[in-house]
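Student: I have a sequence and a model to go through. Can you take me from the terms to the values?

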Amino acid sequence: MLEQLLIFTRGGLILWTCKELGNALKGSPIDTLIRSCLLEERSGASSYNYDAPGTSYTLKWTFHNELGLVFVAVYQRILHLLYVDDLLAMVRREFSEIYDPKRTVYNDFDETFRQLRREAEARAEELKKSKQMVKPMNNIKKQGQVQKAGFDKGSKKGEGGLATDGGDDDKVKGRKLENGHSNGNHFEIEEPRMTDFVNGKVNTSSSVSAFDVSKLQKRTKGGKKTDTVVNKGSKLDPKKKATKKNRVWDDAPPETKLDFTDPVDGNGNENIDVVAADQGESMMDVEEIISSDSEDEEDDNMQKDSKPEAKKKGWFSSMFQSIAGKANLEKEDLEPALKALKDRLMTKNVAEEIAEKLCESVAASLEGKKLASFTRVSSTVQAAMEEALVRILTPRRSIDILRDVHAAKEQRKPYVVVFVGVNGVGKSTNLAKVAYWLLQHNVSVMMAACDTFRSGAVEQLRTHARRLQIPIFEKGYEKDPAIVAKEAIQEATRNGSDVVLVDTAGRMQDNEPLMRALSKLIYLNNPDLVLFVGEALVGNDAVDQLSKFNQKLADLSTSSNPRLIDGILLTKFDTIDDKVGAALSMVYISGAPVMFVGCGQSYTDLKKLNVKSIVKTLLK
């Protein structure tokens, strides 16, 4: 049964709801649909599933882009109503005829909807009956074919007896070859196949072409002997051990110092220079100035995209349409420009799945709209895509960490940030960059070495802590990282530290034991921010990493309301040139904003994501 049907404008004004249905929906499926699909450019999907306490809904929708209307139907997922798409299309057609922008009440549409609903249900019932009538006919045909095939198979076996059955026929064939003659027919003796050797055993029943196993054994024994001789001869005298000499280039004097590690004093402590004060201002606090591209370049790109369209329609018709404007944009008109945009996004390292969904969403938002005068389809599509990308990449909530740190400080508790991600993406290095940026804003920081799995992880973090002159909480290796993080937070509370930065072990998204340990750490300590550290170099794998991280954190958590990834830190951004698509893929698949961008190897190389710059690069 249909639970609800709504008609509202893109501005959010509800024009009509079905009073007959009037069922009170559990939860807020319409609001979730608007937030999760319509505002995030996921409207190209056919349906959306919403789980509420005690029930599950499926939502389907359609647009009238010219009038700016949205039609949404809600029904229980278990029912699988077949007539919903047809009903939405009919409601859209009928309501658009009576729509008036100055009017806000449409009580007279109730009777029209009842009629449309009866028609849609009747059509669905007829379609269901016709399918049921077709099924028995298909079953009868299939049974006849099976019987015929069985009969043919039996007849072939009866006639031939040699060629069809695998094991038995091979045995028969082997016996006939062994005797040489059978039933007056002459058979040529074949050499045994390699398949006759199973686990080192040979079928020696055939005296004509039996394989000599003893020769093979002799060969293998001989091979082993020669190997051992070589091994004995290859042993070097430890006294005459060869050492690698340093290469000298162009008769230059040899380098006296090859070990550039920091010196160690008598107590075994490294004498590391304090470099925090000498690094300068972090790039997080520097405003990035982006030079705008010339309009000529954009025009050239548009002309390239619109070449196929011009060839199809001819010069005069395209010129006339650009002056007069097209009545309504259809899907066929948008396809060439959308294909060019999809290819362009994929060359910028956007995951294929994400690029396809974005193009579908843009097509859904433009289909049926009237093309303005003196505008091309390609420029209209590009403008719609640019608007969509800005909306996706712009954070939907505040990402001001300093404000949150001061709010936590007023409550006399430390602000806890957990860094998670796959192996080798630069979690520890970028944790130190974040610590340096916080120190510049007079925030006291403590590091927690919770990577108790990778060798050298604690020492790496200890080095950063000494350089930055900040405390570090560590318990060594092979400890439970959740307990280490808990004790670190307790220590920070006693010492009055404002922020605790928790370093965790790198783990692949499919490693369930490590993902379970991470889920336990987040559940036990309830951090204020869970940052996913990901490389800007990845393409399609970004979707897999983030979606599986979120899925595992949700599935393996013991909480009814599990914590997922709150923000993204993109690393190695200085190595990708214009291949910035990973940022879009990660934000689209997770809904989490990019909070930091790592763009170098020094402590100052951390900056904010410039949304306008990213969008311009993606569409360039």
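## Terms against values

Tutor: The chain exposes about 36800 Å², and carbon and sulfur atoms supply 51% of that area. Such areas come from the Shrake-Rupley method with a 1.4 Å probe. This is a predicted model: local features need pLDDT of at least 70, side-chain atom pairs count only at pLDDT 80 or more, and totals for chains, interfaces and linings use all residues. Residues are numbered from 1 along each chain as its sequence is written, and side-chain values use heavy atoms, with hydrogens and water left out.

Student: What share of the 620 residues count as buried?

Tutor: Buried means under 20% relative accessible area (1.4 Å probe, protein chains only). In this chain, 39% of the residues count as buried.

Student: What makes S1 and S5 a pair?

Tutor: Strands are DSSP runs (E, at least two residues), numbered from the N terminus. Two strands pair if DSSP finds at least two bridges between them. Seven bridges join strand S1 (residues 2-9) to strand S5 (residues 69-76), so they pair by that rule. The two strands run antiparallel. One of the bridges links Thr 9 to Leu 69 in S5.

Student: How do strands S8 and S11 run, parallel or antiparallel?

Tutor: Strand S8 (residues 415-420) and strand S11 (residues 499-503) run parallel, joined by five bridges. In S11, Asp 503 is the bridge partner of Phe 419.

Definitions and conventions: Buried < 20%, exposed > 50% of the residue type's maximum accessible area, 1.4 Å probe, protein only. Helix = DSSP H or I, 4+ residues; strand = E, 2+ residues; numbered from the N terminus.
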